[in-house]
Amino acid sequence: MAMKIRLARGGSKKRPFYAIVAADSRMPRDGRFIEKLGTYNPLLPKDSEERVKMNMERVEYWLGHGAQPTDRVARMLEAAGKLEKKERANMEKAKPGKKAQERAEEKAAKSAAASEEAAAPAEEAVEEAVEAPAEEAAAEEATEEKAAE
């Protein structure tokens, strides 16, 4: 018999309330279960202590007897510190598509070219400014040498 620790939905329409239960995996989501292990109220704020309540002794008992927690229950157990955090698949949903990436590359290339054009005259001005003080410094050294003699 494959055991699961999962959520069974209760509550009314648009007002969900879940029982955390140990059930046979072949039973319906809200159907027959073996033991109620706690509750989960998603309508409460995340920092509320009343949001997730679990009888940890019984949860550990069922985990010891081979019950597998569902993804959502596993996250709750990780937050409670009863399960070690596992690596989850990092889905690449947030990556833009090929065309969007190509457009971004073209835009970056155009902006880089524009910044190079704007920087070129500025560099020439900087070079001229650097040369002028160097000439003044050389003239000052020459006058100091004459004064020293």
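This is a predicted model: local features need pLDDT of at least 70, side-chain atom pairs count only at pLDDT 80 or more; totals for chains, interfaces and linings use all residues.
Among the contacts with a separation of 6 or more, 29% are made by residues 24 or more positions apart.

Let me turn now to helix α2, which covers residues 71-80. Which of its residues are buried? They are V73, A74, M76, L77 and E78, and the buried residues of this helix pack against β1 (3-12), β2 (15-24), β3 (35-40), β4 (52-54), α1 (56-64) and β5 (68-69). After α2 comes G81, a residue with a positive phi, near 85°.

R72 also sits in α2, but R72 counts as partly exposed, because its relative accessibility is 47%. On the surface, R72 gathers with K46, R75 and K85 in a patch of positive charge.

That brings me to charges that do find a partner. Side chains of opposite charge can pair when their charged atoms come close. How many salt bridges does a search of the whole structure find? The search finds four, and I will describe some of them.

One joins R58 to E35, with the closest N and O atoms 2.8 Å apart; this pair links distant parts of the chain, since R58 lies in helix α1 and E35 in strand β3, 23 residues apart. R58 is partly exposed, at 29% relative accessibility, whereas E35 has a relative accessible area of 19% and is therefore buried, the cut-off being under 20%.

Another salt bridge is formed by D24 and R26, whose closest N and O atoms are 2.8 Å apart. Here D24 counts as buried because its relative accessibility is 8%, while R26, at 64%, counts as exposed.

Finally, R29 forms a salt bridge with D30, and the closest N and O atoms are again given as 2.8 Å apart. In this pair R29 is partly exposed, with a relative accessible area of 48%, and D30 is likewise partly exposed, at 41% relative accessibility.

Definitions and conventions. Residues are numbered from 1 along each chain as its sequence is written. Side-chain values use heavy atoms; hydrogens and water are left out. Patches are made of residues with over 30% relative accessible area and no salt bridge: like charges are joined within 9 Å, nonpolar side chains (Val, Leu, Ile, Met, Phe, Trp, Tyr) within 5 Å. Accessible areas come from the Shrake-Rupley method with a 1.4 Å probe; for residues, only the protein chains shown count as cover. A salt bridge is a side-chain nitrogen of Lys or Arg within 4 Å of a carboxyl oxygen of Asp or Glu. Lys and Arg count as positive and Asp and Glu as negative; His and the chain ends are not counted. The place of a charge is taken as NZ of Lys, CZ of Arg, CG of Asp or CD of Glu. Helices (H or I, at least four residues) and strands (E, at least two) are DSSP runs, numbered from the N terminus. Buried means under 20% relative accessible area, exposed over 50%, partly exposed in between (1.4 Å probe, protein chains only). Contact means heavy atoms within 4.5 Å.
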